[in-house]
Structures are given as structure tokens and as C-alpha cells.
Amino acid sequence: MEHHHHEKSLEARVVTTSGVYPETGFERVAEQEHVETLLKKADEKLHITNPAGWIAVVGGRKIDITKSFHQNGLSGRIEIDWGPDHGAGGHA
Amino acid sequence: MHEIAARTLFEEEVQKFGAELLEARGWTLFAKQYPVLDVGFSSRDGARLRLRLLCDDWNDRPPSVQFHDWEGRPLGAIERDPSGVFNNSPHPYTGQPFVCMKGVREYHTHPSHVGDAWQTVKGADRFTLGGILTQLWHVWRSFHK
């Protein structure tokens, strides 16, 4: 029996205060792709130069951008909130 | 900074706050007319907070942040978060609760932090108006999911 292997994909978009990537709709990406690959595309398109210390949140849950969408348990259609983590208090 | 330059930079930044962002984060944009950026945070637990950022001389000076209730009245007391960013004690200059976080005017003008100059972080992605608001939103979200 012939077996067709289809790489699983999902639809994603990145939401930031500098704009949204892609500009309209969602981008189809492989579930095995690392999240940071998509974020780098967003950074370039949205002219984000230094996202050090930023966090990615999906559905209220912080995800590990060095891992794949699959490893983060993500599938279907997702929205990644990308931005700086909370600032530290000054203890004034 | 010249007022026209400050206004232009302010408008460039806030015009990027699109509907997708506001919906995804539960933000309400009450006003975005220079020099005032007035944003409300809503959470699923029903909590709400409104922050009024006074951005005069942006970005030579960091924004001054005031806590308001949903109707726009200044708050005389706030919930203090565990990290100490939302500080309920009176600021030495304003006498009001204040945001004690790098990137906010009340932090940089506080006697405890005057050596921590805004100029050293000004312009970084974390310290755009959106970056500062995002940091404050994450602080608030740490106790309002």
C-alpha cells in the first residue's frame, strides 16, 4: 500500500506593538520548524532590531522559541504575542 | 527634542497599535493624541486598569505614567505587584503611587534611581512606547490572568 507522508503544518501570526506579521492573515509553517525562525522573519519585516529579553506567549502560555511548534504543543491556528518581558521593580 | 520631532515619533509608534494587537492583549486605546497615550488593560478575571502616559518631549524624556480607574479618574492607591513595579508609596515629586520601572519618568527621577539614566536605554526596542507598555502589561498580567 502506498504511503503518503505529509509534513504537518499550522497557521501562525506574530503580534507586536511594532505591527503584525504577516501583515494580513496567517503564515503556514511546518510544525517541526523552530519558533524563532518565524520570529526572525517578523523581526526583519517589522524592523525590530534587538529583541533580547523578549518573550513569546501563545494563549497566555510562555513558549520556548528555541524549540519547534510541535515541541511547544502548538497546532492549528495560533497567534504569538512577542514583546519584552515585564520590567523589574526598582525597590524604591 | 523639538516638539514636532517628538510628536512625529510618538505618532509613528502609536499608529502601529493595530486592532489585532488590541484584541489579542485585551487593550483599550482611550486616547493617542500627542502627548497623551491612554491605554486600558482588561483581563479574563474581570480586572481592569487604565494607564495614562504623558509623553511630552518624547523620546528625550521617558513617559510619565499615571494610574487611572476605568472612568479616567486618577487612583490614589493601587494594587502593589510582588515585583515592586507598581509602587503604592507616594512618589517624592508627584505624591502619587507610581511605576518604579526603568523606562518610566517616575523611576528615573526618583532619588533612588537618579544615577540610572534614561539616556542609556532610550531608543532600544524594549523602551519604545510599545515596549514600555508591553512590560507594564506583563507586570499587570503577573497577577491578573
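Trainee: Is Asp69(B) buried or exposed?
Mentor: Asp69(B) is buried, at a relative accessible area of 18%. Buried means under 20% relative accessible area, exposed over 50%, partly exposed in between (1.4 Å probe, protein chains only).
Trainee: What does Asp69(B) form a salt bridge with?
Mentor: With Arg73(B); the closest N and O atoms are 2.9 Å apart. A salt bridge is a side-chain nitrogen of Lys or Arg within 4 Å of a carboxyl oxygen of Asp or Glu.
Trainee: How far can I trust the model?
Mentor: This is a predicted model: local features need pLDDT of at least 70, side-chain atom pairs count only at pLDDT 80 or more, and totals for chains, interfaces and linings use all residues. Side-chain values use heavy atoms, without hydrogens and water, residues are numbered from 1 along each chain as its sequence is written, and chains are lettered from A and ligands numbered from 1 in the order in which they are written.
Trainee: How many salt bridges are there over all chains?
Mentor: The search of the whole structure gives 14.
Trainee: And how many across the interface of chain A and chain B?
Mentor: The rule finds 1 there. Asp81(A) and Arg25(B) make that kind of link through their side chains, at 2.7 Å, N to O.
Trainee: Are those two buried or exposed?
Mentor: Arg25(B) counts as buried at 3% relative accessibility. Asp81(A) also counts as buried, at 9%.
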